[in-house]
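Reader: I am new to this structure and would like to understand its aromatic rings. Could you take me through them?

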Amino acid sequence: VRASGESYLAEREFPGLGPDRLPSLAARSVKDTPLLRFACSAVRDKVQIVAQDVTHTNWLYKNFSRFVSPRVIEQMQTIPEDQLMRTEKREASILFADLSGFTATCQELPPEAVVEMVNSFLQNAVAAVDRFEGMVDKFIGDEIMAVFGAPLFFPDHALRALMASHLIRRNHREWMKERKVQNLP
């Protein structure tokens, strides 16, 4: 850093680091190996090193990035781990969306065309779910199942699910027009 003048970022796990050296570990319900991020930058004729405990952030990304958008993960970082992992009964909205006539269409297509069709449809559906801060729960063939109101509660979860479904339908109409022009199923 001193020689180049460029900043440097590094992360390193510290398996032997205990709560006596890193007090934030004592309050954790998640028992991942502590992960520290070091940001090094040149400041005048010295090197400034800032250490940050990113164990919780890393755990969130590792466990939730397949299901929720980075924006939702950022919001989840503000929730203490014990509250995030607590089981609670709450009202939520579930959205299911799939391609009408998918089975019949698939019987007439080569496998790679089916994969391309499903992936492009699901990509649009995931974008709509992310836009309204829902969580993709699973994919079942050509179907997407999304949850609104969990893991983060929104009082307007039903409206968010409805708006996401409307966006999926609107995007689907555009998707169908594009595919028709390209002579794709």
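This is a predicted model: local features need pLDDT of at least 70, side-chain atom pairs count only at pLDDT 80 or more; totals for chains, interfaces and linings use all residues.

Reader: How are the rings of Phe 14 and Phe 38 arranged?

Author: Their centres lie 6.1 Å apart and their planes meet at 70°, so the pair is edge-to-face. The pair links distant parts of the chain, 24 residues apart: Phe 14 is in the loop between strand 1 (8–13) and strand 2 (35–43), and Phe 38 is in strand 2.

Reader: Is Phe 14 buried or partly exposed?

Author: Phe 14 is partly exposed, with a relative accessible area of 26%. Phe 38 also counts as partly exposed, at 23%.

Reader: And what about Phe 121 and Trp 175?

Author: They form a tilted aromatic pair, with 6.2 Å from centre to centre and 55° between the planes. Phe 121 belongs to helix 5 (residues 111–131) and Trp 175 to helix 6, so the pair ties together parts that are 54 residues apart in sequence.

Reader: Why does Phe 121 count as buried?

Author: Because its relative accessibility is 5%, and buried means under 20%. Trp 175 counts as buried as well, at 7%.

Reader: A change of topic: where does Arg 160 lie?

Author: Arg 160 is in helix 6 (residues 157–181). Arg 160 is buried, with a relative accessible area of 15%.

Reader: Which ring does its charged end sit over?

Author: The charged end of Arg 160 sits over the ring of Phe 154, 3.7 Å from the ring's centre. Beyond its neighbours within four places in sequence, Arg 160 is in contact with Phe 132, Glu 133, Phe 148 and Phe 154.

Technical notes:
Residues are numbered from 1 along each chain as its sequence is written. Side-chain values use heavy atoms; hydrogens and water are left out. Helices (H or I, at least four residues) and strands (E, at least two) are DSSP runs, numbered from the N terminus. Buried means under 20% relative accessible area, exposed over 50%, partly exposed in between (1.4 Å probe, protein chains only). Contact means heavy atoms within 4.5 Å. Rings of Phe, Tyr and Trp (its six-membered ring) pair if their centres lie within 6.5 Å; planes under 30 degrees apart count as stacked, over 60 as edge-to-face and the rest as tilted. A charge sits over a ring if NZ of Lys or CZ of Arg is within 6 Å of the ring centre and within 35 degrees of the ring normal.
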